[in-house]
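Thanks for asking me to go through this one. Below are my notes, point by point, for you to check against the coordinates.

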Amino acid sequence: MRRLMIGILLSLAMVQAEAEERLFFQPLNVDSSLDQQTWRSIWRDTAKAGVKVVVVQWTAHGESTFGGRDGWLANSLRLAREQGLQLVLGLYMDPAYYQRHAQLDGPGLEAYWQHQLGLSLAQQRVLREQWQLPVAGWYLPMELDDVQFQAAERRRTLYRQLQDFAAQLDAPLHLSAYTGAQLAPDVYAAWLYELQSLGLSVWWQDGEGTGSLPKVVRRAYGRALPCEVGIIREAFRQVSADGEPFRAEPAEPRHIYPQCHAEAVFSLGYRPWGAPLRANR
């Protein structure tokens, strides 16, 4: 009996250690067809899996606001709150963000970012005044990379912009980054640490799902990160080729880096209990 109890306790400890406390959710317009019962089941199973915080990638995507304060997304998130889940709400995302990044020079990129931050600030006010959801933080959907921010001057400008933006928010700001291997790992790590020092929660995407960089390269970047930078574990495997619309299959997220890093998982649609989302899409 004593040996059985020890085994049960060890199993529970392992489940607790592997629980994904933070989980990303990327809402799409097609998700509006899911009914309230399905959403309630999804969020109940999310909480049962050990998730404490849901990071909603965006609440406005171009002209789409997913129905606004009385729409399907807001109502779904109210059901998430009923299950005790905390919310980090994403702000505004430009559907042409990555194309615009590739097209703009230094001054153009600075002006573009300033405009997008203004749109996100306006969305934050809409969420506070109209959606009236309790929030644990705000997420900026514009991902950072060391391709567009390879130049030190661009990184300095971004630092000032984010500093001003975060100062206008009433809850912690989260943002994420990935690497294109354009900065040396130690330089890249120092950049993310500098942003973290603003009081932001900075998350690095581990790249295991996209596999866009060789394993030895992405592991070098992950190992260089200071413990203060969180890691997003990708729970998918990309199956689309370059130039094709993005397609991926679920895959178990991997624990690769030291436990000193906060961790999150991307994303709900790839987790076993997110099957209704995948089937609907």
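**Notes on the model**

1. Helix 5 and helix 6 run roughly parallel to each other (angles under 35 degrees count as roughly parallel, over 145 as roughly antiparallel, 65 to 115 as roughly perpendicular and the rest as oblique). Their axes cross at roughly 15° and come within 11 Å, helix 6 being residues 152–167. Axes here are lines fitted to C-alpha atoms, for helices over the stretch in contact, with angles from 0 to 180 degrees between N-to-C directions. The crossing of helix 5 and helix 6 is right-handed, meaning that the near helix is turned clockwise from the far one by less than a right angle.

2. Before going further, some ground rules. This is a predicted model, where local features need pLDDT of at least 70 and side-chain atom pairs count only at pLDDT 80 or more, while totals for chains, interfaces and linings use all residues. Residues are numbered from 1 along each chain as its sequence is written, and side-chain values use heavy atoms, with hydrogens and water left out. Helices (H or I, at least four residues) and strands (E, at least two) are DSSP runs, numbered from the N terminus.

3. Helix 5 itself covers residues 106–131, 26 residues in all, and its first and last C-alpha atoms are 36 Å apart, close to the 38 Å expected at 1.5 Å a residue (the expected span is 1.5 Å times one less than the number of residues). At its start, a side-chain oxygen of Asp 105 comes to within 2.9 Å of the backbone nitrogen of Gly 108. That is a polar contact: a pair of N or O atoms within 3.5 Å, where within protein one must be able to donate a hydrogen and the other to accept it, and residues adjacent in sequence count only if both atoms are side-chain atoms. After the helix comes Gln 132, with a positive phi near 50°.

4. Which residues of helix 5 are buried? Among them are Leu 109, Tyr 112, Trp 113, Gln 116, Leu 117, Ser 120, Leu 121, Gln 124, Leu 127 and Trp 131 (buried is under 20% relative accessible area, exposed over 50%, partly exposed in between, with a 1.4 Å probe and protein chains only). An α-helix has 3.6 residues a turn, so residues three or four places apart point the same way. Take a look at Ser 120, which has 0% relative accessibility and whose side chain reaches the backbone nitrogen of Tyr 92 at 3.1 Å.

5. Two backbone angles in loops are worth a check. Phe 66, between strand 3 (60–61) and helix 3 (72–82), has a positive phi of about 55° and is buried at 4% relative accessible area. Ala 181, in the loop between strand 7 (173–178) and helix 7 (185–196), has phi near 60° and is partly exposed at 32%.

6. Please also check the cis peptide bond between Phe 266 and Ser 267, with omega about 0°. Ser 267 sits in the loop between strand 12 (263–266) and helix 9 (275–280). Most residues other than glycine have a negative phi, and most peptide bonds are trans.

7. How many disulfides does a search of the whole structure find? The count is 1 (a disulfide is a pair of cysteine sulfur atoms within 2.5 Å). Cys 227 and Cys 260 form it, with sulfur atoms 2.0 Å apart. The S-S torsion is about -75°, so the disulfide is left-handed. The pair ties together parts that are 33 residues apart in sequence. Cys 227 is partly exposed at 37%, and Cys 260 is partly exposed at 38%.
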